[in-house]
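I opened my notebook today to look through a structure that is new to me.

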Amino acid sequence: MSNPQSLKDIGLKATFPRIKILELFEKSELRHMTAEDVYRHLLADNMDIGLATVYRVLTQFEQAGLLERHFFESGKAVFEINRGKHHDHLVCVQCGKVAEFYDPEIEKRQDKVANEHGFKIQDHALYLYGQCRECQSP
C-alpha cells in the first residue's frame, strides 16, 4: 500500500511524508501509535517531517480509510492501519499495552442486544480495560 500508485488510487498525492508514515505503519512492530509515536520514529530514522505534518497526514489517512483512530484510556488518539477486519481491544491501564481480539460470541450477543432494543448496528468499538499478565506479576 505504501507505493505511490496506491496513494494516488485513493485520491492522495504520493508525497514523501505520506509514503514514509504509511511505511512506518506497515512495517512497525507497534500496531497502535499516537501522532507523537510516529513523530519520534521518524526522528529516529532522521526524517525531517514536522509534528504538524504528522497530524495532518494521520487525519488524511483516517478520512481515506487507511487508518482507524481510537481513544484508549490515555485520552490521546491512537492510530492503527485499517486491515478491513473488525476486532476489539484489551487495554492495560498500567503499562498501556494493547491486545487485539475477535470473539464471534461477543459479536452475536451485541447484535442480539441491539435487536432487542430496535437498533441495527452500523459500527461499534469495544475496549476492555484491565491489567496485562506482566503488570499482574508481583
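I began with the second largest pocket, which is lined by 14 residues, and Glu-68, His-86, His-87, Asp-123 and His-124 lie nearest its centre. I noted that strand 1 (67-71) and strand 3 (88-92) are the elements that give two or more residues to this lining. Helices (H or I, at least four residues) and strands (E, at least two) are DSSP runs, numbered from the N terminus.

Before going on, I wrote down that this is a predicted model, where local features need pLDDT of at least 70, side-chain atom pairs count only at pLDDT 80 or more, and totals for chains, interfaces and linings use all residues. Residues are numbered from 1 along each chain as its sequence is written, and side-chain values use heavy atoms, with hydrogens and water left out.

My reminder on pockets: on a 1 Å grid over the protein atoms alone, a pocket is an open set of points where a 1.4 Å probe fits, with protein on both sides within 12 Å along at least five of seven lines, and lining residues have an atom within 4 Å of a point.

I then turned to the largest pocket, which has 19 lining residues, with Phe-72, Val-78, Gly-96, Lys-97 and Val-98 nearest its centre.

Beyond its neighbours within four places in sequence, I found Leu-58 in contact (heavy atoms within 4.5 Å) with Ile-21, Phe-25, Ala-35, Leu-67 and Phe-79.

**Salt bridges**

How many salt bridges does the structure hold? I found eight, each a side-chain nitrogen of Lys or Arg within 4 Å of a carboxyl oxygen of Asp or Glu.

Asp-37 pairs with Arg-40, their closest N and O atoms 2.7 Å apart. Both lie in helix 3, three residues apart, about one turn of the helix. Is Asp-37 buried or exposed? Asp-37 counts as buried because its relative accessibility is 18%, and buried means under 20% relative accessible area, exposed over 50%, partly exposed in between (1.4 Å probe, protein chains only). Arg-40 is partly exposed at 49%.
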